[in-house]
Amino acid sequence: MADLLLLLEGLKAAPACLVTVESTQGSTPREVGAWMSVFEDKLVGTVGGGHIEHQAIAEARRRLRGGLGAPQLRYALGPALGQCCGGVMHLRFALVGAQDGAGLQQRLAGVRHPVALFGGGHVGHALARVLAPLPFALTWIDSRDGVFPAHPPGDVVCEHSEPVHLAVPRLAAGSRVLVMSFSHAEDLDVVAACLQRQRTQGDLPFIGLIGSQTKWATFASRLHGRGFTPQELAQVACPIGVPGIVGKEPEVIAVAVAAQLLQTLQGARTAFRRHSSGR
């Protein structure tokens, strides 16, 4: 999303050549739909780096200066390009200007998966910064006033909710939920609200709670006392973050949690591809 905003802003001042990965075969550095906009004096985005990108930039700038060519070109990622991926990329070249902004915004925005982040503390701030350029639509929720930055990163939506757990029923379907408020009592209420929603709707693919195994043992006991079964409690990931990253700095935790969220997208992407192909 950040690259798209940079492209749209740049087009207000000058035209660009949009380079899009149209199709691929074999091993390639970027996927279908990846794009790069080439201005006369700058670049936004990437189609994979290396020699293929170098050649694509040269071709795009040749077209910006009036050169003609087929809309789509084939690049074999072999010795001739100084690359050993072994695959093939078909790149589409198109001149674009400010008048194309609305169409580009719709075309290039891509699928963004909703994430609800409960907590505006140090880790919450670090996570908002890390998640902003990733394929997530982030809603950031807290019960306190004055905890959000004056200028949130990207297009993050900040929401005040008091009590905070009342925001859970309003979350978009398919939201991945991250719970890290300033209060263990708030955390418990938010997790309980998520489990209650799972019981009736089953539409939250990930519920992550910050904390230690000891914290989760306490929470599990209290949630069991509220009537939730062991099977329901198993839907909560605590501690959160990919294993093996041991730093406790907010930025380190944020990267580990963002990586874990990206791992959860693999199944969604596979399902999307099967639906798109009619299988």
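## The end of helix 2

Just after helix 2, the residue G66 takes a positive phi of about 105 degrees, a value that belongs, like every other one in this report, to a predicted model.

## What helix 2 packs against

Which residues of helix 2 are buried? They are I52, E53, A56, I57, E59, A60, R61 and R63. These buried residues pack against strand 1 (16–25), strand 2 (35–38), strand 3 (43–45), strand 4 (72–76) and strand 5 (88–96).

## Helices 5 and 6

Helix 5 (residues 184–200) packs with helix 6 (residues 213–225) at an angle of about 55 degrees, and their axes lie 11 Å apart. That angle makes helix 5 oblique to helix 6, and the crossing of the two helices is right-handed.

On the side of helix 5, the contact is made by H184, D187, L188, V191, A192 and L195, while helix 6 contributes K215, F219, R222 and L223. Sorted by class, the residues in this contact are 6 nonpolar, 1 polar and 3 charged. As a general point, an α-helix has 3.6 residues a turn, so residues three or four places apart point the same way.

## A14 in its loop

A14 lies in the loop between helix 1 (2–11) and strand 1, where A14 is partly exposed, with a relative accessible area of 32%. Although A14 and A98 are 84 residues apart in sequence, their C-alpha atoms are 7.8 Å apart in space.

Note on methods:
Residues are numbered from 1 along each chain as its sequence is written. This is a predicted model: local features need pLDDT of at least 70, side-chain atom pairs count only at pLDDT 80 or more; totals for chains, interfaces and linings use all residues. Side-chain values use heavy atoms; hydrogens and water are left out. Axes are lines fitted to C-alpha atoms, for helices over the stretch in contact, and angles run from 0 to 180 degrees between N-to-C directions. Helices (H or I, at least four residues) and strands (E, at least two) are DSSP runs, numbered from the N terminus. Angles under 35 degrees count as roughly parallel, over 145 as roughly antiparallel, 65 to 115 as roughly perpendicular and the rest as oblique. A crossing is left-handed if the near helix is turned anticlockwise from the far one by less than a right angle, and right-handed if clockwise. Contact means heavy atoms within 4.5 Å. Ala, Val, Leu, Ile, Met, Phe, Trp, Tyr, Cys and Pro count as nonpolar, Asp, Glu, Lys and Arg as charged, and the others, Gly among them, as polar. Buried means under 20% relative accessible area, exposed over 50%, partly exposed in between (1.4 Å probe, protein chains only).
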